[in-house]
Amino acid sequence: VQLQASGGGLVQAGGSLRLSCAASGSIFSISAMAWYRQAPGKERELVAIIISSGSGSTNYADSVKGRFTISRDNAKNTVYLQMNSLKPEDTADYYCNAAGRTPTFTTFNSWGQGTLVTVSS
């Protein structure tokens, strides 16, 4: 299963960006999709996660609550991250992640390539 992320870029503090990540390949179902980020010299951290079934419950890192919104389009196997009120400390490589099952019911946990978000002050 491959994940293709896009939407990063350079933005001024207070601005907005929208990241997208599309999953493709041998997918039977996706249970959850998430965004992580890794700033220079820091460990990768979970930013937001969304459950793909049912109500699509979400969870966010405290540092982005109220500013970021994760959403999904199950028909397109795509997850989005709307980032508003961006701060310089949001600067990082952002990675998408998907977990689910293939048509042969083996599990997968795949990562996309990073997309760089740079927020200038």
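I began with the largest nonpolar core, which has 31 residues; W35, V47, F68, I70, L81, M83 and Y94 touch the most other members. Such a core is a set of buried Ala, Val, Leu, Ile, Met, Phe, Trp, Tyr and Cys residues joined through side-chain atoms within 4.5 Å. I took buried as under 20% relative accessible area, exposed as over 50% and partly exposed as in between, with a 1.4 Å probe and protein chains only. In soluble globular proteins, nonpolar side chains tend to be buried together.

I note that this is a predicted model, where local features need pLDDT of at least 70, side-chain atom pairs count only at pLDDT 80 or more, and totals for chains, interfaces and linings use all residues. Residues are numbered from 1 along each chain as its sequence is written, and side-chain values use heavy atoms, with hydrogens and water left out.

I looked up the extent of the C-alpha trace, and it spans about 50 × 25 × 20 Å along its principal axes. Buried residues are 41% of the 121 in the protein chain.

Neighbours within four places in sequence aside, Y94 is in contact with L19, W35, Y36, R37, V47, F68, L81, M83, Q113, G114, T115 and V117. Contact here means heavy atoms within 4.5 Å.

Next I checked T58, which sits in strand β6 (residues 58-60). T58 is partly exposed because its relative accessible area is 37%. With residues up to four places away in sequence not counted, T58 touches I49, I50 and I70. I also looked up T58 against G41: they are 17 residues apart in sequence and 28 Å apart in space, C-alpha to C-alpha.

Last I went to S121, in the segment after β11. S121 counts as exposed because its relative accessible area is 88%. Leaving out neighbours within four places in sequence, S121 is in contact with A13 and P88. From S121 to I30 I read 37 Å in space, C-alpha to C-alpha, and 91 residues in sequence.

Key:
Helices (H or I, at least four residues) and strands (E, at least two) are DSSP runs, numbered from the N terminus.
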